[in-house]
Amino acid sequence: MSLATDLHQHAWPAPFLAALSARRDGPRTHRTADGAWCLELPAEAPCVLDERQTDLHRRAGGLLAAGLDRALLVPPVAIGIDALPADEARELLTVWLDGALAAGGPFGAWAAVAARDPRPADLRAALARGAVGLVVPAAAVADPAALDRLGPVLEELGRHDRPLFVHPGVPDGRPDDAAWWPAVGDYTGQLLRAWATWLDRGHRAHPTLRVLFAALAGGGALLLERLAARGGPVDLARSPLLAYDTSSFGTRTLAAAAQAVGADRLAFGSDLPVVAPAHGHVPVVAGVGAGRLATVAASTLLGESPAAAAPAAPLEVAA
């Protein structure tokens with residue numbers, strides 16, 4: 001029986017918050033006067049973490065209300081934990097994973113590795129502890145040199161038959177950027193470049209690896225007509241080895257993506273609690289259905305069912 005899955009949630013386990021509080025520089029945490037955790041990041045205003053971000057027991061009830069069986073938690077690569085000096089990154093990522101896995105119940109967790117010194121042994125240890133697969137910031141697979149550097153870790157991932165999740169990394173922002181800029185102007189660009197690089201090069205080096213791209217690959221799932229018009233690998237973009245997470249997109253865009261890449265290539269990811277709690281419910285997409293959106297691609301991605309090609313609408317390209 002396939003489990004209804006949210007492949008993309010975030011969490012701040014208590015041991016991880018405590019470990020960050022021992023740091024002198026951001027990313028670090030401190031307690032406010034009323035006992036809440038406050039996150040400090042370089043070049044950003046401090047941010048108070050509320051219960052939605054720190055209380056997984058409370059969030060477990062929300063999964064049930066949303067008709068979901070489980071959620072997979074993502075390490076905080078978007079704040080650059082993995083990019084710290086390698087020994088610091090390893091220590092913090094281990095603490096995060098241990099805390100995430102200790103939540104138990106309906107929660108599982110992705111692993112991450114130190115970006116400055118990615119070691120297959122670190123991934124192997126994380127998978128042995130119970131991680132479902134590997135998450136990397138988009139920059140880690142967005143150019144040939146980065147792919148080569150990560151290559152041995154991706155080979156290890158393939159040997160264990162586990163999936164890769166390509167997630168936004170640290171935004172390259174400016175102090176005067178609007179609050180929405182990183183999510184719209186930066187994250188999508190990171191993901192789109194990673195997706196295009198994977199279609200061009202990554203799949204050749206790792207032809208059996210199953211890959212999930214956050215946020216419809218930055219919109220790449222909607223660009224297949226343009227890809228076809230330029231002679232690009234449309235069939236590869238629709239491959240059952242690829243999945244596109246739905247995070248932050250609504251029903252009209254998801255319906256268009258389903259028509260482009262195939263409904264069974266779309267995988268539900270809420271991005272909770274980064275986005276509003278209302279978006280933690282599986283969207284009802286015309287021609288797809290909530291049950292299908294939360295089960296089929298997740299089951300294939302996680303190796304719980306055989307990969308099978310999903311039919312997509314014929315691609316029409318203007319002359």
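D271 is buried, with a relative accessible area of 10%. Buried here means under 20% relative accessible area, exposed means over 50%, and partly exposed lies in between (1.4 Å probe, protein chains only). D271 sits in the loop between β11 and α12. Its phi is near 65°, a positive value in a residue other than glycine.

This is a predicted model, in which local features need pLDDT of at least 70 and side-chain atom pairs count only at pLDDT 80 or more, while totals for chains, interfaces and linings use all residues. Residues are numbered from 1 along each chain as its sequence is written, and side-chain values use heavy atoms, with hydrogens and water left out.

Stay in that loop. A cis peptide bond joins L272 and P273, with omega about -5°. P273 lies between β11 (266-267) and α12 (290-301). V274 belongs to the loop between β11 and α12 as well. V274 counts as exposed, at 58% relative accessibility. D271, by contrast, is buried.

Now step back to the whole chain. The protein chain has 12 helices and 11 strands. These are DSSP runs, numbered from the N terminus: helices are H or I with at least four residues, strands are E with at least two. The radius of gyration is 19 Å, close to the 20 Å that the globule rule gives for 319 residues, so the chain is as compact as a globular protein of that length. The radius is taken over C-alpha atoms, and the rule is 2.2 Å times the number of residues to the power 0.38. Along the principal axes, the C-alpha atoms fill a box of roughly 60 × 45 × 45 Å.

How much of the chain is buried? Of its 319 residues, 50% count as buried. The chain exposes about 14,300 Å², and carbon and sulfur atoms supply 55% of that area. Accessible areas come from the Shrake-Rupley method with a 1.4 Å probe; for residues, only the protein chains shown count as cover.

Contacts reach across the sequence. Among contacts with a separation of 6 or more, residues 24 or more positions apart account for 70%. A contact means heavy atoms within 4.5 Å. Charge comes next. The chain has 27 positive and 33 negative charges, and their mean positions are 3 Å apart. Lys and Arg count as positive, Asp and Glu as negative; His and the chain ends are not counted. Each charge is placed at NZ of Lys, CZ of Arg, CG of Asp or CD of Glu.

The peptide bond from G26 to P27 is cis, with omega near 5°. P27 is in the loop between α1 (14-21) and β2 (28-31).

The cysteines follow. A disulfide is a covalent bond between the sulfur atoms of two cysteines. Here the criterion is a pair of cysteine sulfur atoms within 2.5 Å. By this rule the count is 0 disulfides. C38 counts as buried, at 5% relative accessibility. C47 counts as partly exposed, at 37%.

P120 is in helix α5 (residues 120-129). At 23% relative accessibility, P120 counts as partly exposed. Which residues does P120 contact, leaving aside neighbours within four places in sequence? They are P152, V153 and E156. L73 is 47 residues from P120 in sequence and 21 Å away in space, C-alpha to C-alpha.

A217 is found in helix α8 (residues 215-218). Like D271, A217 has a positive phi without being a glycine. The phi of A217 is about 60°. A217 counts as buried, at 0% relative accessibility.

V234 lies in helix α10 (residues 234-237). V234 is buried too, with a relative accessible area of 11%. G303 is 69 residues from V234 in sequence, and the two are 23 Å apart in space, C-alpha to C-alpha.
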